[in-house]
Structures are given as C-alpha cells and as structure tokens.
Amino acid sequence: MRTNELLPLLPDLAALVNVTEAGSFSAAARAQGSTPSAVSRQIARLEAALGLTVLERSTRRLRLTAGGQEVLRHARAMLDAARAACDGAASHANTVEGRVRIAAPKAALRQLIHPELPRLLDAYPKLDLELAVSDQAVDFIAGGVDIAMRFADPPPGYVARPFIEVRTLLYASPDYLARAGTPQQPVDLAQHSCLHLAELPGDDEWCLVNGEERRVVNVRGRYASNHSEMRREAAEAGFGIACLPDFTTRQSLARGLLVPVLPGWQLLGRYQGSNWLVYSADRYRALRVRVVVRFLLGIADRLGKRAPMP
C-alpha cells in the first residue's frame, strides 16, 4: 500500500488494539470516546482493506484469528512508536523524574524485568525505581505500589494491560535423562523423580494437555518446592524433572543445562495464562508511570511473549 492509502487505516489499527485490550466493542468505545457501532465499522473497514478477518465475533466473546494476531502485533508496535514519539517531544518540556514502585513475583522480576532496567535508568537519570518482590496479590495503597504484575483480575478502579503469556512446561538436565531415561508419554512420569510445587494438597497430581488430549499422572520425587528458581536449580543439578514457567528457563536452555521433556505437553496449574500489568488510571497520568509501563510492555514485545487478547 502507498502512504496515502495507509493513513486512513491508522485509526482503525488503533481501534483493533483498543478492542483486544478492552475485550469488547462497548468497552473499547468507552475508552476512545466513541460508540460500539463506530468501533465495529472501524474493524470492518480494516478487514476490508486487508482482505482478512482479524476478529471472530460471537454473541459471547471476540477471538483474534491467526492473521489478526499478526496484525495486532504490528498495530501495537505502531502505537508504541507513536507514544515514544510523543514522550520524546514531551521530554523537552517535562522531565521524567520521581519514584515508581513495581511489585511482581520474584521469578518474573529476576528473569524478565531486572536485567533490562539499567537501560531505563540510563535513559532517565532522574527516575527512581523500587522493586517489591511479592508472589501474592499486593495492596496498592498500603504498599505504595504504582505498577503490579498479577494473574488475577484488577481491583476496581485499576487498569490491566496484557503483559506476558506464561506456560508451565517440563524440563530436566541432560545428565538426569541419560541416567533415568527420557519419558515418551505422560504416564512414564510416574517412574521418574518429579520436582513439583508442594504448595497445596494435590500438587503432586499433574494434569497435562496436548491439544485435545489430557492425561493425569500422580508423581513423586525427592525434592519439592513452591519456588520456581529452586526447582529450576534442582533440575539443573540432576534431581529430576521439574515443572517450570517457560520464561524462567531461557538461559538454562541456551546454556544446555536443561532440555524440554515431553515437548508439546503443557502442565495445567495456578501460575500460568495471561499475566497482566495493573496500575491506577489516576497514577498513569504521571509521565514517569507511563514511561515505565511502556518500557515493561516493550520487554514482553522484544521477547515475543506479549499476552494475547483473553
């Protein structure tokens, strides 16, 4: 498409982002000061221009098509670039300064966020960051929290943006598999040392899914922990097969310390699915909070783990 043909589509691409993040035409219309019918026309116009259905509609929910997910990824990048341009212009008139407090689970902070923060601090010398490690839902007011990561729905009056999609998969060290053998089916796990959560009764019962297939296996092992980094380190040491959030194993896989077990199978559990960035709409008006939120969303985009529309 030529530039003059692309320009009319930019508001429609923005509307697609609004619909996917708000979850409905009505909520997107409220967010952009429009009407549901106007938003629906925007999406229809976008689909006609692209020759592609981006949203499957039903009376109960909206679902992105495979092509729609690709369009959404670029639309989000377009909006992020536009926001970055606005922030760049605003930085000449407004300084990003002050404190921003982020609350997140330890594994996510350590593996995803902490390694990227020097770039943010270098870019904004007057910005101060506080990291609050918490695997539980936080009290925003009592904890003085500006931004939190959580799986649960946001409290009333707060905004949630899709952050990362978390899957719980199985991993083991090459040494362990050389000694004990490699499971070929979920039922084989019953003959292995399995490093499970041990947080609630029933955590030693693993339910695995692969497409439409579902298998339940009672596992056992010599080591269990409700902390993913401890399970990962135990798996690297050869203690058995560990269930781990996929984002925690990137470096271990790259260094050959762990390998996937039963690829294609995913363990169902509490700590997986769409993880959200949650913040107060009022606090988001502060430039320092907007800058940090956009930086965090950029981390997920660069890793290719940005959570899709629910």
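Reader: Hi! Which strand gives the most to the lining of the largest cavity?
Author: That is β5, with 3 residues. Here a cavity is a set of points on a 1 Å grid over the protein atoms alone where a 1.4 Å probe fits but cannot get out, and lining residues have an atom within 4 Å of a point. A strand is a DSSP run of E with at least two residues, numbered from the N terminus.

Reader: Thanks! Where does this model come from?
Author: This is a predicted model, in which local features need pLDDT of at least 70, side-chain atom pairs count only at pLDDT 80 or more, and totals for chains, interfaces and linings use all residues. Residues are numbered from 1 along each chain as its sequence is written, and side-chain values use heavy atoms, with hydrogens and water left out.

Reader: Okay, how many cavities of 30 Å³ or more are there?
Author: The structure has 1. The largest cavity holds about 30 Å³ of space, where a volume is the space filled by probe spheres set on the points, and grid points are joined across faces, edges and corners.

Reader: Which residues line the largest cavity?
Author: Its lining is made of Ala103, Ala104, Ser134, Gln136, Ala137, Val138, Ala148, Met149 and Arg150. By class, the lining has 6 nonpolar, 2 polar and 1 charged residues.

Reader: How do β3 and β5 pair?
Author: They pair in the parallel sense, over 2 bridges; strands count as paired if DSSP finds at least two bridges between them. Ile102 stands opposite Ile147 in β5.

Reader: What order do the strands of the open sheet have?
Author: The order is β4-β3-β5-β14-β6, so 5 strands with mixed pairing. At the edges stand β4 (127-133) and β6 (158-166), and each has a single partner strand, so one side of each is left without a neighbour in the sheet.

Reader: New topic! How many disulfides are there?
Author: A search of the whole structure finds 0, with a disulfide being a pair of cysteine sulfur atoms within 2.5 Å. For Cys207, the nearest cysteine sulfur is that of Cys243, 13 Å away. For Cys243, the nearest is that of Cys194, 8.7 Å away.

Reader: Is Cys243 buried or exposed?
Author: Cys243 is buried, with a relative accessible area of 5%. Buried means under 20% relative accessible area, exposed over 50%, and partly exposed in between, using a 1.4 Å probe and protein chains only. Cys207 counts as buried too, at 15% relative accessibility.

How values were computed
1 Å grid on protein atoms, 1.4 Å probe; cavity = no way out; pocket = protein on both sides within 12 Å on 5 of 7 lines; lining within 4 Å. Helix = DSSP H or I, 4+ residues; strand = E, 2+ residues; numbered from the N terminus. Nonpolar A, V, L, I, M, F, W, Y, C, P; charged D, E, K, R; others polar.
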